[in-house]
Amino acid sequence: MVFETRPRFVANLKSTILKLIILLVLFYYYRTIIAAAIYLQDYVVQMVQLPLIQATFYLTLLIMLLLIISIILDIVSWRRKKYQLTNQRVIIQKGLIRKKRSYIHYTKIQDIDIYQGLIDRLLSAGDIEIYGGHEHTNIVLEDIPNPREVEDMIDRVMMGEEVGFKPPLNKKPQRSIIEEYDQKFKR
């Protein structure tokens with residue numbers, strides 16, 4: 001395993017953020033919506049016998065419930081999406097109910113494209129599309145963090161260079177038991 005990540009949270013869940021905003025607006029204006037239904041009920045009852053207040057209540061409740069379920073499914077779907085770079089291939093794993101695993105070997109990669117919109121550049125995210133040697137053999141790493149670095153990592157692995165994680169700066173190198181013993185008793 002050379003590298004493992006998942007999509008950038010905010011970049012991947014743009015529609016989820018919009019759903020959350022709509023949900024919050026509905027919660028905030030819920031009393032106003034019901035008050036407007038009560039006000040309109042007087043006029044509607046005179047023309048047609050419709051229970052407008054009950055319909056409005058159930059409709060807004062249904063919309064809020066569907067938004068909450070959609071937000072939860074989006075977050076769970078994001079948690080289930082994973083990108084891996086091994087020393088032999090690029091792998092995408094995703095899915096909650098229907099799991100899907102796609103991969104492409106480095107030897108089959110013909111070209112790599114990076115797409116970054118304005119918001120993606122601000123969030124340091126982007127899409128990497130990897131094209132294989134045959135038609136319809138491309139895979140897309142959506143909203144991947146630092147796409148230029150990942151592209152560089154893929155290029156280096158394709159060229160046969162040894163790629164790995166950078167060691168943490170503050171971590172001391174591990175010593176063997178014998179070195180620990182020598183250090184302890186040679187004072």
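## Close-up views of a predicted model

View 1. Glu 4 stands opposite Gln 84 in β2. Here β1 and β2 pair in the antiparallel sense over 3 bridges; two strands pair if DSSP finds at least two bridges between them. Helices (H or I, at least four residues) and strands (E, at least two) are DSSP runs, numbered from the N terminus. A note on reading these views: this is a predicted model, in which local features need pLDDT of at least 70 and side-chain atom pairs count only at pLDDT 80 or more, while totals for chains, interfaces and linings use all residues. Residues are numbered from 1 along each chain as its sequence is written, and side-chain values use heavy atoms, with hydrogens and water left out.

**View 2. The open sheet.** Four strands line up in the order β1-β2-β3-β4, with antiparallel pairing. β1 (3-5) and β4 (100-105) are the edge strands, each with a single partner, so one side of each has no neighbour in the sheet. On average, neighbouring strands are turned by 10° against each other, direction ignored. Axes are lines fitted to C-alpha atoms, for helices over the stretch in contact, and angles run from 0 to 180 degrees between N-to-C directions. Helix α6 lies across β1, β2 and β3, running at about 35° to β2.

**View 3. The largest nonpolar core.** This core has 20 residues, and among those with the most contacts inside it are Leu 85, Ile 109 and Ile 154. A nonpolar core is a set of buried Ala, Val, Leu, Ile, Met, Phe, Trp, Tyr and Cys residues joined through side-chain atoms within 4.5 Å. Buried means under 20% relative accessible area, exposed over 50%, partly exposed in between (1.4 Å probe, protein chains only). The elements giving two or more residues include β2 (82-85), β3 (89-94) and α6 (147-158). Of these elements, α6 gives the most, with 4 residues. Leaving aside neighbours within four places in sequence, Ile 109 is in contact (heavy atoms within 4.5 Å) with Val 90, Ile 104, Ile 130, Tyr 131, Ile 154 and Met 158.

**View 4. A buried threonine in a helix.** Look for Thr 60 in helix α4 (residues 52-80). Is Thr 60 buried or exposed? Thr 60 is buried, with a relative accessible area of 7%. Its side chain reaches the backbone oxygen of Thr 56 at 2.9 Å. Not counting residues up to four places away in sequence, Thr 60 touches Tyr 30 and Ile 33.

Key: Polar contact = N/O pair within 3.5 Å; in protein donor to acceptor, adjacent residues only side chain to side chain.
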